[in-house]
Amino acid sequence: MKAGSLKIGQILINSGDITQEQLDEVLLKQKTSKKRIADILIEDGIVTEQQVCKALEKQLFIPYIDLDTITVPDELGGVIPEDMAQKHMVIPIEQEGRFLTVAIADPLNYQGLKDISIATKMKVKPVIGEASKISVKLREMYAAQKAIDDAKEFLETKGGKSKAQIEAEEAAAQDASANDQPIIRFVNNMIEEAIFTKTSDIHIEPMEKCLRIRFRIDGKLTTYMETAPELIPSVTSRIKFIGNMNIAEKRIPQDGRINYRVAGKDIDFRISVLPSLFGEKIVMRITTSLGMELKKQNIGFLPENLEKFDHLVKSHRGIILVTGATGSGKSTTLYTALHEVMGEDINIITVEDPVEQIQPGITQVQVNEKAGLTFAAALRSILRQDPDIIMLGEIRDGETAGIAVQAAITGHLVLSTLHTYDAPSSVARLIDMGIEGYMVSSALLGIIAQKLARRLCNSCKERYEPDQNERIGLMIKPGDTYELYRPVGCDKCSKKGYKGRIAVHEVMMLTTGLKRAITEGKSTDELRDLAIAEGMIPMKENVRIDVLKGLTSYEEYIDMTISND
């Protein structure tokens, strides 16, 4: 039998990747699922995408290409119509004269290759690529262009029409249930691209001569698009509408929420609207943890700190504080702690402003200060709800702090956050709020301070020998040999050299010695020295360890620790 006449199942059997029995089981599944055999094999974990590609390469003599190492030239963006590229899972990667090289997930899809040849009027040369990587490349190629096209269509629609007509069309777009209006497609594409790139915040910024949209990815703002200022009122109105805000009110700040469903997953957004000189600036924070399960192993604790975290969350009474700047992942750590202890025999109630993530099995209370439901008022009511564990989104004032301390002393476990840069200074912050030192020492169990460092991209980070300055900065002893890594930049990390972030911590357990020092009114510096002497790993040391492990760079170490020196 010729290789060209073989089917994918037989090819994988010939290559030794699957057995006939496994293929027979998959063929039975295929009758009801109507999926491709290769897709079922991959979904069931029998083979990987790369195994399929390698088997096809071996049998069909068609080369396999790792698309992570390929940059698609901009001029090829419109060569293959998007619907055709999506249908056949194919991406153009090179053109030489009348020859077009394409990466395709299924090289046995001869009809697809024929369609592309007819559409492009070129001779098509296939190479094999993983479907997941082709999907990523397709999104990179077409998503931004879609938004630009929708913006152009919207502006053309508005051109030459009266103000009344324009306002009527905008109102219709807001109420449309279908996604066929240009402004709706524009906003949807923007949101989906933000989700795909694991953005934490979308900044929609009205400028004098443009509307600028930026994404915060791995802690850094990156420009997604700059488009005509005429879109400002329509984009603003659309987002305010789906966020259940007052579209007519443009003079005061507003807050809202959006639940957006993409790829079968519900994504929550928190929206803040702020009037500015050229329109209303909007920041949309994605509060759903994208690609991250709420498990303690995912937070980034050092083994010693993970052991301390376990000890804290298993306590039955007292206050556990998570501290850090805005956007340092405090809420994720709190929710993870709740996941560790929740169960049918535990009554957990939270008070948040706003509720950042919907957590099944937990009673969550949204603060509403206009209605009189403040943190303090909600906390008083919660104490009459027979709670075992209370989570406060933030301790903001002395009244809330006092009630939280009383709740902890009377037998409740209280988890909350403070805006301080390290663990020892949280003690001074509580005392500044009016809590007596002896009450702080009695109620506190421990304090977890954290920051987020950018994680080096595993696909392109480069190994090198540290120079003398780096050895001194990292306190590497003479004679010790270490290799560091630095960012390079590739397609997988959008040429940044970093992909994702890692949390760094210092966990201060309230030992007997520290409790005594707090009661005696010792300074923050004295508390820090004592905490280190009693086993606390300073945050600077945590970052240093991560640099030596190759998780982050020396530049991140300097950036994160210089303010603490």
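How many positive and negative side chains does the chain have, and how far apart do the centres of the two sets lie? There are 71 positive side chains (Lys and Arg) and 81 negative ones (Asp and Glu), with 3 Å between the two centres. His and the chain ends are left out of this count, and each charge is placed at NZ of Lys, CZ of Arg, CG of Asp or CD of Glu.

Before going further, a word on the model: it is predicted, with local features needing pLDDT of at least 70, side-chain atom pairs counting only at pLDDT 80 or more, and totals for chains, interfaces and linings using all residues. Residues are numbered from 1 along each chain as its sequence is written, and side-chain values use heavy atoms, without hydrogens or water.

Now let us look at the whole chain. Its C-alpha trace spans about 85 × 75 × 55 Å along the principal axes. You can trace 21 helices and 18 strands through it (DSSP runs of H or I with at least four residues, and of E with at least two, numbered from the N terminus). Of the 565 residues, 48% are buried, meaning under 20% relative accessible area with a 1.4 Å probe, protein chains only. Among contacts (heavy atoms within 4.5 Å) with a separation of 6 or more, 62% join residues 24 or more positions apart.

Finally, turn to strand β7, residues 254–262. This strand gives four residues to the lining of the second largest pocket, the largest share.

Technical notes. Buried < 20%, exposed > 50% of the residue type's maximum accessible area, 1.4 Å probe, protein only.
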